[in-house]
Amino acid sequence: NWTGLQGREPGIHVTPEAAGRALESLSDAFLITDDDWRITFANAAARRLLGLSPEEIGRSLWRLPPFAGDSALERDCRQAAADRVPLEFTVPGLVGG
């Protein structure tokens, strides 16, 4: 849902296409999930890092290696989402992790 990108500043309008292009060009891995933790967007860096194929967009984040079975990370992410606060984390086994 891209609606959160619009209406924060008077006169500023960000189209979903423009937001997608900006997020795709990030050098850092960036994922968006829906309320059920299904991946709805993964930029090129995230797809490379996680080895995601286009068919895996839509799968639950918690079913993908290296996230599967990490109950502490899942708990922390769910709590951060419930509290509507950002969460930064490192996943062991990934580049830089």
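Does aspartate 34 count as buried, partly exposed or exposed, and at what relative accessibility? In this predicted model, aspartate 34 counts as partly exposed, at 22% relative accessibility. The cut-off for a buried residue is under 20% relative accessible area, with exposed set at over 50% and partly exposed in between, so the value of 22% places aspartate 34 in the intermediate class. Its salt-bridge partner is arginine 38, and the closest N and O atoms of the two side chains are 2.8 Å apart. Arginine 38 is likewise partly exposed, with a relative accessible area of 37%. The pair belongs to a network of salt bridges that links Asp34, Asp36 and Arg38.

The structure holds 6 salt bridges in total. One of them joins the side chains of glutamate 24 and arginine 47, with an N to O distance of 2.9 Å. This pair links distant parts of the chain, since glutamate 24 lies in helix H1 and arginine 47 in helix H2, 23 residues apart. Glutamate 24 is partly exposed, at a relative accessible area of 27%, and arginine 47 is also partly exposed, at 28%. A further salt bridge is formed by aspartate 76 and arginine 75, whose closest N and O atoms are 3.2 Å apart. Here aspartate 76 counts as partly exposed, at 35% relative accessibility, whereas arginine 75 counts as exposed, at 53%.

Helix H1 spans residues 16-24, and its buried residues are Ala19, Gly20 and Leu23. These residues cover an arc of only 100° around the axis and therefore lie on the same side of H1. An α-helix has 3.6 residues a turn, so residues three or four places apart point the same way. On the other side of H1, Glu17 and Arg21 are exposed. The buried residues of H1 pack against two strands, E1 (31-33) and E2 (39-42).

Strands E1 and E2 pair with each other in the antiparallel sense, over 3 bridges. Within this pairing, leucine 31 has alanine 42 of E2 as its bridge partner. The hairpin of E1 and E2 has 5 residues between the strands, and in this hairpin tryptophan 37 takes a positive phi near 70°.

Tryptophan 37 also takes part in aromatic contacts. A pair of aromatic rings is described by the distance of the centres and the angle of the planes. With ring centres required to lie within 6.5 Å, the count comes to 2 aromatic pairs. In the pair of tryptophan 37 and tryptophan 62, the ring centres are 5.4 Å apart and the planes stand at 50°, so the pair is tilted. Tryptophan 37 lies in the loop between E1 and E2, and tryptophan 62 in the loop between helix H2 (44-50) and helix H3 (71-83); the pair therefore ties together parts that are 25 residues apart in sequence. Both tryptophan 37 and tryptophan 62 are buried. The rings of tryptophan 62 and phenylalanine 67 have their centres 6.3 Å apart and their planes at 85°, so this pair is edge-to-face. Phenylalanine 67 is buried, as is tryptophan 62.

Terms used:
Residues are numbered from 1 along each chain as its sequence is written. This is a predicted model: local features need pLDDT of at least 70, side-chain atom pairs count only at pLDDT 80 or more; totals for chains, interfaces and linings use all residues. Side-chain values use heavy atoms; hydrogens and water are left out. Buried means under 20% relative accessible area, exposed over 50%, partly exposed in between (1.4 Å probe, protein chains only). Helices (H or I, at least four residues) and strands (E, at least two) are DSSP runs, numbered from the N terminus. The arc is that of the directions from the helix axis to the C-beta atoms. Contact means heavy atoms within 4.5 Å. Rings of Phe, Tyr and Trp (its six-membered ring) pair if their centres lie within 6.5 Å; planes under 30 degrees apart count as stacked, over 60 as edge-to-face and the rest as tilted. Two strands pair if DSSP finds at least two bridges between them. A salt bridge is a side-chain nitrogen of Lys or Arg within 4 Å of a carboxyl oxygen of Asp or Glu.
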